[in-house]
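Hi,

Here is the structure I promised you. Have a look at it first, then read on for what turned up.

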Amino acid sequence: MPEKDSKSPYVDYEYYTGDYHGKQIDRDSFPHVELEAEAYVNAITFGRVKRQESVPDSVKNAICAAAECMHKYQESRETSIKSESNDGYAVSYGDPISEHEYRQNMKFKVLTHLADTGFAYKGWSKKYDGK
């Protein structure tokens, strides 16, 4: 079993609403999506974040962006009523976000925040992988 990262969770709700200025995720939903977003960012950075002494803001922002994408995708899956009508009252929602669109959007947003950091570099990095 992998060793737990002592820095986890990397982002708390105060950072999300304060520094990142996030508004899409409520306090109760945040811990779950943050955990999933953190796992995604660790995967896309090949575990390099875990080896750092502290978590840079660029990584925290990438986690917040991924968390918002995940939350939006989950909400679209739950509230995808296409049409409903009852005695003059009508409800119509759009199609849920496709999984392909969700993954593509999340990857784009995460990589945007990680640009020029070297964390997402696919090769060996002397800065992050060398000792």
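Phe46 counts as partly exposed because its relative accessibility is 44%, where partly exposed is the range between buried (under 20% relative accessible area) and exposed (over 50%), using a 1.4 Å probe and protein chains only. You'll find Phe46 in the loop between H2 and H3; helices here are DSSP runs of H or I with at least four residues, numbered from the N terminus. The phi of Phe46 is near 60°, a positive value in a residue other than glycine. For background, most residues other than glycine have a negative phi.

Before going further: this is a predicted model, so local features need pLDDT of at least 70 and side-chain atom pairs count only at pLDDT 80 or more, while totals for chains, interfaces and linings use all residues. Residues are numbered from 1 along each chain as its sequence is written, and side-chain values use heavy atoms, leaving out hydrogens and water.

His21 also isn't a glycine, and its phi is positive at about 65°. His21 sits in the loop between H1 and H2 and counts as exposed because its relative accessibility is 58%.

Tyr16 is in contact (heavy atoms within 4.5 Å) with His21, and its other partners beyond four places in sequence include Val11, Phe30 and Cys64.

Tyr16 also belongs to the largest nonpolar core, which has 32 residues. Such a core is a set of buried Ala, Val, Leu, Ile, Met, Phe, Trp, Tyr and Cys residues joined through side-chain atoms within 4.5 Å. Helices H1 (13-17), H2 (30-44), H3 (57-78) and H4 (99-114) each give two or more residues to this core, and H3 supplies the largest share, 10 residues.

Cheers
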